Amino acid sequence: MTASRLRLGVAGLGRAFTLMLPTLANDPRLQLVSATDPQGPACAQFERDFGVRCVDSIEALCAHPEVDAIYLATPHAMHVGHVELAAAHGKHVMVEKPMALNLDDCTRS
């Protein structure tokens with residue numbers, strides 16, 4: 001993490017993310033540095049808006065050396081796997097609700 005700003009990667013550029021975008025983009029403590037989404041036009045718009053490059057997968061986003069934390073706005077059924085992937089890469093995670101679809105997935109370590 002940089003001394004002044006948390007460098008954020010975004011997984012999922014759909015509705016959940018667009019609702020949070022004004023908050024994330026205007027927070028002086030955050031810097032949007034990369035994103036991934038299966039929809040090419042969404043990635044192209046993100047690149048134009050923020051002057052950064054999107055990557056082609058959640059794996060690449062989690063491995064991105066300039067990303068300190070991942071904002072997960074992917075489909076609910078993917079949250080657990082994506083949180084585990086980000087954690088395996090040493091990334092902090094902010095996840096849209098729900099964090100998982102069942103209690104067992106929420107409490108496993």
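A salt bridge is a side-chain nitrogen of Lys or Arg within 4 Å of a carboxyl oxygen of Asp or Glu. Welcome to this predicted model, where a search of the whole structure finds 2 salt bridges.

**Salt bridges**

- Asp68 and Arg7 meet through their side chains in a salt bridge, at 2.9 Å from N to O. This pair links distant parts of the chain, 61 residues apart: Asp68 sits in the loop between helix 3 (58–63) and strand 3 (69–72), and Arg7 in strand 1 (residues 6–11).
- Asp68 is buried, with a relative accessible area of 8%, and Arg7 also counts as buried, at 18%.
- The side chains of Asp27 and Arg29 form a salt bridge too, at 2.6 Å from N to O. Here Asp27 counts as buried at 15% relative accessibility, whereas Arg29 counts as exposed at 58%.

**The largest pocket**

- The largest pocket is lined by 16 residues, and Gly12, Asp37, Pro38, Thr74 and Pro75 are the closest to its centre.
- Sorted by class, its lining has 7 nonpolar, 6 polar and 3 charged residues.

**The second largest pocket**

- Lining the second largest pocket are 11 residues, with Val80, Val83, Glu84, Met99 and Asp105 nearest its centre.
- Helix 4 (79–88) and helix 5 (103–107) are the elements that give two or more residues to this lining. The largest share, 4 residues, comes from helix 4.
- By class, this lining has 6 nonpolar, 2 polar and 3 charged residues.

Technical notes. Residues numbered from 1 in each chain as written. Predicted model: local features only at pLDDT ≥ 70, side-chain atom pairs only at ≥ 80, totals over all residues. Heavy atoms only, no water. 1 Å grid on protein atoms, 1.4 Å probe; cavity = no way out; pocket = protein on both sides within 12 Å on 5 of 7 lines; lining within 4 Å. Nonpolar A, V, L, I, M, F, W, Y, C, P; charged D, E, K, R; others polar. Buried < 20%, exposed > 50% of the residue type's maximum accessible area, 1.4 Å probe, protein only.
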